[in-house]
Every structure is written in structure tokens, then in C-alpha cells.
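Student: Could we go through this one together, a piece at a time? I'll ask as I go.

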Amino acid sequence: ACQLLFTFLGSFVTMWFSRQREFRADAGASALLNKNSMIGALQTLQQKFEPLDAPNGLATAKIADAKGMFALLSSHPPLETRIEALRRL
């Protein structure tokens, strides 16, 4: 029982590191290219994928935008959050 509990709790930590890695990757890409190009690329992803519903099969690809506590188990931050982070650079 403890193993299941710690596995579940550990996934919050793992996903936090994954989301932070996405922010660092975005910052690195904007340094290589430029900030506006990276923002444009994320906005293109936002236009193409965010309007789609999870039943279309994209939830397994982690493109669906989790809400509430489930956002803590997302491997990627929402695209809007990533775009705002780039704008603040």
C-alpha cells in the first residue's frame, strides 16, 4: 500500500520537473532563434490543438489541457502559460 501511495505522490514531483523542463526548453529555443519566433510557434500549436476535445484521442498525447488538481499531473504546462513565460523574458 505504501508503494502505491509513494508512487502516486512521486508522480507529482516528476511532472513538476517535466513542466519546468518545458519552460527551460522554450527559453533555450528562444535564445537560439528569437523570442517572437518561439511565441509564434507556440501560438500555432495553440490554434491547431487546443480547440480539440479530449475524446478525439489527443488526451493520450498529453495535448489536452488539464484543469484543477489534474494540472499537477500534466507533463506539459498549458500553452498560454508557456507563451506568457516567454513574453516575460
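Student: Which side chain does the side chain of E22 make a polar contact with?

Tutor: The side chain of E22 makes a polar contact with that of H76, at 3.3 Å; a polar contact is a pair of N or O atoms within 3.5 Å, where within protein one must be able to donate a hydrogen and the other to accept it, and residues adjacent in sequence count only if both atoms are side-chain atoms. This is a predicted model, in which local features need pLDDT of at least 70 and side-chain atom pairs count only at pLDDT 80 or more, while totals for chains, interfaces and linings use all residues. Residues are numbered from 1 along each chain as its sequence is written, and side-chain values use heavy atoms, with hydrogens and water left out.

Student: And is E22 buried or exposed?

Tutor: E22 counts as buried because its relative accessibility is 17%, where buried means under 20% relative accessible area, exposed over 50% and partly exposed in between, with a 1.4 Å probe and protein chains only. E22 lies in helix α1, residues 2–32; helices (H or I, at least four residues) and strands (E, at least two) are DSSP runs, numbered from the N terminus.

Student: What else is E22 in contact with, leaving aside neighbours within four places in sequence?

Tutor: Apart from those neighbours, E22 is in contact with S75, H76, P77 and R82, contact meaning heavy atoms within 4.5 Å.

Student: Switching to α2, which of its residues are buried?

Tutor: They are M38, I39, L42 and Q46. Viewed down the axis of α2, these buried residues fall within an arc of 100°, so they line one face of the helix; the arc is that of the directions from the helix axis to the C-beta atoms. On the face turned away from the buried side, α2 carries the exposed residues N36, Q47 and K48.

Student: What covers the buried residues of α2?

Tutor: The cover includes α1 and α3, the latter being residues 79–88.

Student: At what angle do α2 and α3 pack?

Tutor: The angle is about 170°, with the axes 10 Å apart; axes are lines fitted to C-alpha atoms, for helices over the stretch in contact, and angles run from 0 to 180 degrees between N-to-C directions. That makes α2 roughly antiparallel to α3, since angles over 145 degrees count as roughly antiparallel, under 35 as roughly parallel, 65 to 115 as roughly perpendicular and the rest as oblique. The residues making the contact include M38 and L42 of α2, and I83 and L86 of α3.

Student: How many helices and strands does the protein come to?

Tutor: It has 3 helices and 0 strands, and 22% of its 89 residues count as buried.
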